[in-house]
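Trainee: I have a model open and want to learn how to read it. Where do we start?

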Amino acid sequence: MTVPNANRPDAKSRIGVTGLAVMGANLARNIARRGTPVAVHNRTTARTREFMEAYGSEGSFTPAESLEDFVAALERPRRIIVMVKAGAPVDGVIEELAPLLDEGDIIIDAGNSHFPDTKRRTEECAARGLRFMGVGVSGGEEGALLGPSIMPGGDPAAYAEVEGVLTSIAAQVDGTPCCVYVGPDGAGHYVKMVHNGIEYADIQLIAEAYDLLTHVAGLDAPAIGKIFEEWNSGDLESFLIEITAEVLQKADERTGGPLVDVILDEAEQKGTGRWTAIDALDLGVPLTGITEAVFARTLSALRDERRAASTTLAGPVPGAGEDRTDLVDDIRQALYASKVVAYAQGFAQMRAASKANDWDLDLGAMATIWRGGCIIRAQFLNRIRDAYAEHGEIENLLMVPYFTEAVANAQHAWRRVVTTATQQGVAIPAFASSLSYYDGYRRERGPANLIQGLRDFFGAHTYRRVDAKGSFHTRWAQDGSEVRTDA
Ligand code: NBP
C-alpha cells in the first residue's frame, strides 16, 4: 500500500489511530467525518486495507502499513490514539512506537485499560520524553462512530493539544460536549472504570426487575418490554431501559417466541466491574450494588452447579399462580431507589479515589459528560449534575434533598418488593443489598459494637467507648477487668 501523504509537510494528518477493530475504526471515521485528517494503522495490514475500501471515501485518511509510515504521516507533536485490546497489547504498541517518536509526542490510550497500568505507562512514557494520556471512551461501537462520552486523563498540556478533536467527536447534550478533562495520570481510565461498574449495577437491577415481573407478576417478555417502554418516559428514562424494552420485545427468528427466552442465562464480563469492586475494597468504600452485580454474573456462570442445586436445595417456587401484577409499580420504584443507591455509592467511590490519588475530580462534570454518548446515559444524570452545581462537595448523594425525598417516597414499595421476592424465593442481590445499605447508612448506631467486643475477646484488638476517650481492652479470660491501652 502506498502512503500518499507521508513525509509531505503540507499533507500531514493531525491525529493517528492505530488499532482498527470496531472501536478504533469507528473513532477514526468519526474524526475524519468532522473534517480532521487521520492516519490509520493496524497490526494486521489486511484490516487497514479493508478499512480503506469500506470507509476511505468518508474523509481524509492516510493509511499506513508500518508504524514507521504511520508516524511519518503525522504532524508534530504527534497525536496517536491507541485503540487495541487492553493489557499487554497496549504495552507492546508503546514499545514499538516509542523509538519512532520525538520528545513531546502524545500517546493516547483510548481502550479500557486498568488505571494502575495507565499510571505506570504515564511514568514510563515521561521517562522517555513522551506524553501519555489514558482516555476512557464509552458508547460502544455506535457511540464511537456517532459521538461517545469521553473521559480524558493525563497531562493537561497534552490534553490541550487534542481537546479540539476530542470535543468535536464527542456526543453533545444541550450544546455541551460529553468530554471534559478528568485529571492526571490514571484519572480518565478510573472514571471510565467506575462508569462501567455503575453500568453493571444498572444492568443487574434491570435483570432483577425482569425476573420479578416474569416470575412474581407472571408476565411474558413482550409484556414486560411494554412496561419498560412506559418506564422509559419517567424518572428511569435512559438508554439501558430503552434497549431493555427492545430486547424483550424481539422475536426469535427460529422459534418465533421471544428471543430473550432462548438466550443462555450465563453473563460474561471483561473485568471493569471486578476492578471497580476490588478498588472499592482497597479504598474501604461500601460499594454493595456494583459488587453484587459482579457476583451475580459469576453466580450466573455456575450453570451446571445451579442446575444440580435447582433439584436439590429447598425453597419456595416463585409465582405459584397468584396474580401479583399489583407489584409492577412497586418494582419500578424499587428499581429507581436501588439505582440511586448504586450511583450514590459509585460517586462516593470516585470521591474517595480523588482524595487518595490527588486527582481533584470534578464529580458534577462527570455526571455532565455521562448524560450522552455512553451506556449509562440517563435523564437521572441531570439530577446528579444539578446536585453538584447546587451543593459542590457531596459526601453521599442520598443526603441531597432531591434524592433523600425520592428514596423516601420509594422506600415502602422497595421494602414490599424485597419482602415479596424473599418470600417467593427470587434472588434479588442488588435490590436487597441496596436496601440494606440504605438502612445501614441511616442508622446512627449499628451493631459493630458487638463486632469490636468479639475482636477484643479473641484477638485483644481493643475497642473505644461511647462514654470515654481512648482505647480499651477487657481481660475476658482473666479477671474480666477493663484496662485502658493507650494511656
Ligand atoms: P479489541 O479489544 O477486540 O482489540 C482488537 C484490536 O487490538 C485489533 O486492532 C488488534 O489487531 C489489536 N491488537 C491485539 Br488483539 N494485540 C495487539 C498487539 N500485540 N499489537 C498491536 N495490536 C494488537 O478491539 P475493540 O473491541 O475495538 O476495543 C478496543 C479497545 O476499546 C479495548 O480496550 C476495549 O476494551 C475498548 N472498548 C471497547 C468497547 C466495545 O464496545 N467494543 C467499548 C468501549 C471500550 P489485529 O487486527 O492485528 O489483531
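Trainee: Which are the buried residues of helix 10?

Mentor: First, remember that this model is predicted. Buried means under 20% relative accessible area. In helix 10, residues 239-249, the buried residues are F239, L240, I241, T244, A245 and L248.

Trainee: What covers the buried residues of helix 10?

Mentor: Look for contacts from other elements. The cover includes helix 8 (187-215), helix 9 (221-231) and helix 14 (328-357).

Trainee: Now the ligand. How many residues surround the ligand, and which are the closest?

Mentor: The shell has 19 residues. M23, N42, T44, R47 and N112 are the closest. Sort the shell by class: ten residues are nonpolar, six are polar and three are charged. Then check the helices. Helix 1 (22-33) and helix 4 (88-97) each give the shell at least two residues.

Trainee: Which polar side-chain atoms lie by an oxygen atom of the ligand?

Mentor: Take two cases. T44 has a polar side-chain atom 2.5 Å from a ligand oxygen. For R43, the distance from a polar side-chain atom to a ligand oxygen is 2.9 Å. The backbone counts too: a backbone N or O atom of K85 lies 3.2 Å from an oxygen atom of the ligand.

Trainee: How much of the ligand's accessible area does the protein cover?

Mentor: The size of an interface is often given as the accessible area lost when the parts come together. Here the ligand has 920 Å² on its own, and the protein covers 77% of that.

Trainee: Last, which domains does the assignment give?

Mentor: Domain 1 (5-185), domain 2 (192-441) and domain 3 (448-484). The C-alpha centres of domain 1 and domain 3 are 57 Å apart.

Terms used:
Residues numbered from 1 in each chain as written. Predicted model: local features only at pLDDT ≥ 70, side-chain atom pairs only at ≥ 80, totals over all residues. Heavy atoms only, no water. Near = heavy atom within 4 Å. Polar contact = N/O pair within 3.5 Å; in protein donor to acceptor, adjacent residues only side chain to side chain. Areas by Shrake-Rupley, 256 points an atom, 1.4 Å probe, with all protein chains shown as cover. Helix = DSSP H or I, 4+ residues; strand = E, 2+ residues; numbered from the N terminus. Nonpolar A, V, L, I, M, F, W, Y, C, P; charged D, E, K, R; others polar. Domains from an automatic or database assignment. Buried < 20%, exposed > 50% of the residue type's maximum accessible area, 1.4 Å probe, protein only. Contact = heavy atoms within 4.5 Å.
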